[in-house]
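Please look over the sequence and the model below before reading on. The paragraphs after it go through the chain part by part.

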Amino acid sequence: MLIHPMPDPIALQLGPVAIHWYGLMYVLAFAMFIALGRVRIKQPHIAAQLWKKEDLDDMLFYGMMGVIIGGRMGEVLFYEPVKYFSDPIEIFKVWHGGMSYHGGFLGVLIAMSLWARKAGRNLLDVYDFIAPLVPLGYAAGRLGNFINAELPGRVVSDQSLPWAMLWPDTRFPLHPDPVFLQGLRHPSPLYQMLIDGLLVFIIVWLFARKERPRLAVGALYTLLYGCARFFTEYFRTPDWERVIAGVPITSGQVLSLPMVVAAIAMLVWAYKVRQHGRPPITSKA
């Protein structure tokens, strides 16, 4: 049995300014985007598309806006609309946590479409370029969730599970003694960090090291994340859950299913285009 370490969510206090670990995880995510992107633009098949460091910096700005605005609005609209619309000022308190991956995903797609139009690039090439740079940033976000004691896992069926964890109840932050949720739980943010983030990154990064048909890299990332998220949702206490035809399905799984279906269609399209003699475009579109 483990006990959640319950670290102070504030990493550094500079007078009236509090720097939160959750915010630092986003800084880390954006830094990894730049670092991995600079490695990626040196790969021969990527260099042939004439990507530059300036493109990377420019995309990061657009991507940051997409992640923050889309992620927060996804949390508000997909998960807890009653909470946020009853206290609208809470929408802007992003340091408290609460960012939807699926909302951030849509936000980044919109932001990248705007950047692609500005830069004169094909959006599919942009998606292929950034897809391997995303999973580690997601992993950092899930680490931030763990530090904040957000997204508690379900109660474990086997209480002898070595990594089953006593999880703090964040409804009582000012209680003099730690208050824990009932039952030992799966540390689900760590599962998602390792599976949805790190494992997906390794597979997509290795796949993207060679030239692939246009959209294949982006489609593979979408497929792997959708499948990984569908799986890890079984260990997370759902925001809501429904039973359809006798099968329970959570909010995260509902939002991930369209990703899986769309990704399969994109992969079929990508390889069908190549099969018919139209190779991926490797010059700036």
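What follows is a walk through a predicted model, from helices to salt bridges to the spaces inside.

A record gives a first outline. In an unreviewed entry, UniProt lists "transmembrane region" for residues 20-39, 60-79, 99-116, 123-141, 190-208, 215-232 and 252-271. Two of these stretches can be compared with the model. For residues 99-116 the figures are 89% helix and 0% strand, with 25 Å between the end C-alpha atoms.

H9 has 17 residues, and from its first C-alpha to its last it reaches 24 Å, close to the 24 Å expected at 1.5 Å a residue. How much of H9 is covered? Of its 17 residues, 13 are buried, so that H9 is mostly covered.

Next comes a single residue that the record marks out. UniProt, again in an unreviewed entry, places the feature "binding site" at Arg142. Arginine 142 is part of helix H7, residues 135-147. Is arginine 142 buried or exposed? Its relative accessibility is 7%, and the limit for buried is under 20%, so arginine 142 counts as buried. Leaving out residues up to four places away in sequence, arginine 142 touches Leu151, Pro189, Gln192, Met193, Arg229 and Arg236.

Two of those contacts, Arg229 and Arg236, lead on to charged groups: Arg229, Glu233, Arg236 and Asp239 are linked in a network of salt bridges. Side chains of opposite charge can pair when their charged atoms come close. Arginine 236 is buried because its relative accessible area is 5%. Glutamate 233 has a relative accessibility of 1% and therefore counts as buried too.

How many salt bridges does the count come to? The count is 10. One of them joins the side chains of aspartate 55 and arginine 121, at 3.9 Å from N to O. Aspartate 55 lies in helix H3 (residues 53-79), while arginine 121 lies in the loop between helix H5 (101-119) and helix H6 (123-130), so the pair ties together parts that are 66 residues apart in sequence. Aspartate 55 and arginine 121 are both buried.

A further salt bridge is formed by aspartate 58 and lysine 118, with the closest N and O atoms 2.7 Å apart. This pair also links distant parts of the chain, since aspartate 58 is in helix H3 and lysine 118 is in helix H5, 60 residues apart. Aspartate 58 counts as partly exposed because its relative accessibility is 25%. Lysine 118 has a relative accessibility of 52%, so lysine 118 counts as exposed.

Glutamine 43 takes the reader to another part of the chain. Glutamine 43 sits in the loop between helix H1 (21-40) and helix H2 (44-47). With a relative accessible area of 11%, glutamine 43 is buried. Apart from neighbours within four places in sequence, glutamine 43 is in contact with Trp205, Ala208 and Arg209. By contrast, 46 Å separates the C-alpha atoms of glutamine 43 and serine 157, which are 114 residues apart along the chain.

The largest pocket has a volume of about 1200 Å³. Its lining has 46 residues, and the closest to its centre are Asn148, Ala149, Glu150, Thr170 and Arg171. H3, helix H4 (81-86), H5 and H7 each supply at least two residues of this lining, and H7 gives the most, with 3 residues.

A search of the whole structure also finds 2 cavities of 30 Å³ or more. The largest cavity has a volume of about 580 Å³. It is lined by 31 residues, of which Val67, Val108, Val134, Gly137 and Tyr138 are the closest to its centre. Which elements give two or more residues to the lining of the largest cavity? They are H1, H3, H5, H6 and H7.

Note on methods
Residues numbered from 1 in each chain as written. Predicted model: local features only at pLDDT ≥ 70, side-chain atom pairs only at ≥ 80, totals over all residues. Heavy atoms only, no water. Helix = DSSP H or I, 4+ residues; strand = E, 2+ residues; numbered from the N terminus. Expected span 1.5 Å × (residues − 1). Buried < 20%, exposed > 50% of the residue type's maximum accessible area, 1.4 Å probe, protein only. UniProt positions renumbered as here; feature names shortened; annotations may be inferred. Contact = heavy atoms within 4.5 Å. Salt bridge = Lys/Arg side-chain N within 4 Å of Asp/Glu carboxyl O. 1 Å grid on protein atoms, 1.4 Å probe; cavity = no way out; pocket = protein on both sides within 12 Å on 5 of 7 lines; lining within 4 Å. Points joined across faces, edges and corners; volume = space filled by probe spheres on them.
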